[in-house]
Amino acid sequence: MSTDRRNVRLAPVAAGAWAVAGLSTVAPATSTWLAIGSWVAALAMLAWLVRAPRRRRHMADASLWAVVAVLALVAGAAAASHVAFALPARGDAASLGLDGGRAVTVAAVVTGKVERRSDGRVAFDAVALRVSAGPEPQAVSTDVTIRVDPSDVSGVAPVDVGARIVASGTVRDASPGDRAVLVVTARELDVVEGPVGVAAAGGQLRRGLVSAARGLPAPGSELVPGLAVGDTSLVSPELDAAMKSSSLSHLTAVSGANCALVVGIAFGIAALCGAPRGIRVGVALAALGGFIVLVTPEPSVVRAGVMAALAMLGVALGRSGHGFSLLCLAVAVLVVADPWLSTSLGFALSAAATGSLLLFARPLAKGLSRWMPRAPALALSVPLAAQLACGPLLVMIAPSVPLYGVVANLLAAPAAAPATIVGLLACLAAPVPVLAYGMAAIAWVPGAWIAGTAMTFAALPGGQLPWLEGLPGLVVLAVLGTAVGLLIGLSSRARRARAVAGAIVAVTVGAAAGTSALAGVVGRWTIPSSWSIIACDIGQGDALVLRSADAVALVDTGPDPAALGTCLAKAGVDRIDLLVLTHFDLDHAGGVDAVIDRVETVLHGPPASASDEGLLARLDAAGSRVVEASAGMAGSLGEARWRVLWPRADNRAFPTGNDASVVLDVRGGGIPPSLLLGDLSASPQRSLVASGTLAPPYALVKVAHHGSADQEPRIYELAHPSVAVMMVGADNTFGHPRAETIAVLEGLGTKVGRTDRDGLVAVWEDGGRLILWRERGTEPDARPGRPRGPPAAADVGVGGRCEYGRMTEDPRSLWDAEAETFDESADHGLRDPDIRRAWADLLLPVIDGRGLRVADLGCGTGTLSLLLAQEGGHLVTGVDFSPEMIRRAREKGAQTHPRPDFVVADAADPPLPAGSFDVVLSRHVLWAMPDPAAALENWIKLLTPTGVLILVEGRWHTGAGLTAEESVRIVSDRRQSVQLRALDDPSYWGGAISDERYLIVSPS
């Protein structure tokens, strides 16, 4: 067998292990059968091998490949067995019933690198040790992914590998194939114990390098930690986008090149010291282990580390030089040890890039040398091989091909190694600040060169060639890459093969050129010229274009300048009269660079950080007029008018970010009445409904937060749109848009345009009809326009109650009418002795005492007030805004001792003396307040310094109510101690429930 064939004979082993591991992790139920089948097949093949040499010794090659087949089956069986044995523990965690957005508190140990996401939050892997979703914590040991806003992190140390943390938030099941079983979205995270041992040392060294680089000029300083140890915390969104656009982002992801440098330098130093081969290998392996600890074990690092360790083992045994075989062995070992690596795109990219360099760089260099000198051919072959191998995988993330990637890598490559080596030395010198700062300054020079290369190529026109999305895009680009490789690498004697390859390249390039033209200036011919609203297809993010007369507004920019530029070119938009930045998350403001020098006015939500302020300063410096939005502002766009409905200038109940998104009402001048909801969650949506500022019905609604599940259905029922648009990325990891949100819209008869399936979406009015046009898919939808007058009836939230759905103009009259049958509900009337006992056992221990002063807010017919007075001897004051409810409460309590006092008043702001109540109790009332946070502020003022706040709330199947996360967030912003308990026991409600119901207790 030739050397080349021997070098690839382990490829089936790696491929088999990878395929079985991937199938087992994506469909865990198949893992047991896959393991059994693979073990049986391996044993059968092995039995054949034992007998074959005695009968057919001349079949040496067949026997050799049979051995390879046995190894592939064994590797696959081992990977499947790993998943099968892990199923019980993972099933235990999944069976806790924590999915669906339930509020939890998780105690965990951080095990993965902390990385920034496109929405501004950070995410990391951890192992959960304890999960609390009620009064009793559950001991677990399961992998989780935790996402949190950096501003919500506190504690004794930074979040880093090895730290012990406690995170409170909501939880959902992870996607199939993920190592994590659960995904926790934390509203607050406390680091209770920092890393210890080598993890602590590694974290301190990394932070030392970041500190040393921070004072150097940007953007070169931003790359120094990333090039050395993979720390990208300093990289700005602009530089990150430029690095990705120019195919240079791999330089800040630690991989094989970094490991090779570390191992090579350590091995060389040991050799210079005269150490024997065994000692040299030991020193190199020790340096490699320390480097992996320093940079944290990401998939690419693990792959490179295992491969380097195997290479060192080959050196120790005197069998070096089998690079691709070592790669295949490393992949097989890793997917057996950690089958969930098989679904990691980072792992796949790392393996593909390394394999392409080992197999194809030399043939490509040989082919290129026919047209250029050997030295540049060798230099060009390395990035070309990597680009051809990784391109098909990268289009699964973003459907575009970087045209300048090979050249950019060719220019940046000479600076990568010096930046890595000197930056690593600066990191190791962190305990000596003078030395560390000096080394970092030296590393800045090649870092600045790489950053300048990225920014230059990202700014060039036509840098991204639009490509097919998903699996078709992967297949077509893989075929094209193969054809390019054959066209370059095959000798001139293989004329027929080269002719076929050339034809494939010509056809694909021609099609791609046509696609690029359609995505650019020619693309405007494919969009109906009468459009007034365009939802851009820019991935997971928002970018909505509105046009009236000759004026254009852009609401948000999406995450990627290139994608936004493509959309605006299709629309024929060169100038932006009004840019609205609803908030500053990257999926809404990351594409600003595409329009930064062509915006007249910027209307923006409240900035939350220095980087937000910096972005506004850049827009101001570019000549834009910058204005912060608040409810009540209004203006014109051509012949259209716009109003700001949210956020309120004086409302501090909702934090900056999603819940303080700018919400607009735009109408007239050819633009159909439109409600643009930014990223509002359900809680501020309820406040917006109650504010009375909406002017329904609306012809079009831009659905909040990409169609997430955190919606208030009433706002859509009130708006009653003909058309709803969602800008959402195909195959996004958030599960957007959620089925329940789609169901709400479809239940209203609303036509939905979504960019993940429809591509670019356009809307306009034509003769009283509303036209919905989709770039992909069906014919345009023509919908009757909505009447433009005010609604006949509106949803109302006043005082202590708000009915789900449509209400009369006088909600007091409605609740007066409800009073007669109010107590017929099992939990309202407490007529069943068992239900009454259950509520007494729930509340009395919490109140803990007798004769205490209790305010029962939104008391209805006073049933709980009477319970507390009769069973606990408490002095109760009940408040409700329905006179008939209070009349009935007084009748029921006439013979009770001590007799409760009942008052007709608004529970949102009860006319009771401040600081005079030991307990404030509210059941199913807070959610209905026009401003829940403001109502809660009023309620807390009623408490004595040692008073207790008790809330019973829920989120019903209709979508009304507050989730536990929302309620806990509102309370914890104002009270230090918050205790949460699920109330899913049927004994409280007179039967089983499917809604989320819970008790919150906040002692002083």
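Colleague: How do you know that arginine 997 lies over the face of tryptophan 989?

Modeller: Arginine 997 lies at 4.4 Å from the ring centre. A charge sits over a ring if NZ of Lys or CZ of Arg is within 6 Å of the ring centre and within 35 degrees of the ring normal. The charged end of arginine 853 also sits over a ring, that of phenylalanine 917, at 4.9 Å from its centre.

Colleague: What should I keep in mind about the model?

Modeller: It is predicted, so local features need pLDDT of at least 70 and side-chain atom pairs count only at pLDDT 80 or more, while totals for chains, interfaces and linings use all residues. Residues are numbered from 1 along each chain as its sequence is written, and side-chain values use heavy atoms, with hydrogens and water left out.

Colleague: How many aromatic pairs does a search of the whole structure find?

Modeller: Three (rings of Phe, Tyr and Trp, taking the six-membered ring of Trp, pair if their centres lie within 6.5 Å; planes under 30 degrees apart are stacked, over 60 edge-to-face, the rest tilted) turn up in the whole structure. One of them joins tyrosine 404 and phenylalanine 457, with 6.0 Å between centres and 50 degrees between planes, and is tilted.

Colleague: Why does that pair tie together parts that are apart in sequence?

Modeller: Tyrosine 404 lies in the loop between β8 and α14 and phenylalanine 457 in helix α15, so parts 53 residues apart in sequence are tied together. Tyrosine 404, with a relative accessible area of 26%, is partly exposed, whereas phenylalanine 457, at 13%, is buried (buried is under 20%, exposed over 50%, partly exposed in between, with a 1.4 Å probe and protein chains only).

Colleague: What makes the pair of tryptophan 839 and tryptophan 989 edge-to-face?

Modeller: Their planes are 85 degrees apart, with the centres at 5.4 Å, so the angle is over the 60 degrees needed. Tryptophan 839 belongs to helix α27 and tryptophan 989 to the loop between β31 and β32, so the pair ties together parts 150 residues apart in sequence. Tryptophan 839 is buried, at 0% relative accessibility, and tryptophan 989 is buried as well, at 8%. Ring pairs link Trp839, Tyr988 and Trp989 into a cluster.

Colleague: Why are β28 and β31 said to stand at the edges?

Modeller: Their open sheet has seven strands, ordered β28-β27-β26-β29-β30-β32-β31, with mixed pairing. β28 and β31 each have a single partner strand, so one side of each has no neighbour in the sheet. The average twist from one strand to the next is 15 degrees. (Axes are lines fitted to C-alpha atoms, with angles from 0 to 180 degrees between N-to-C directions.)

Colleague: How do you know that strand β30 and β32 pair?

Modeller: Seven bridges join them, in the antiparallel sense, and pairing needs at least two bridges found by DSSP. Arginine 997 in β32 is the bridge partner of glycine 954.

Key. Helices (H or I, at least four residues) and strands (E, at least two) are DSSP runs, numbered from the N terminus.
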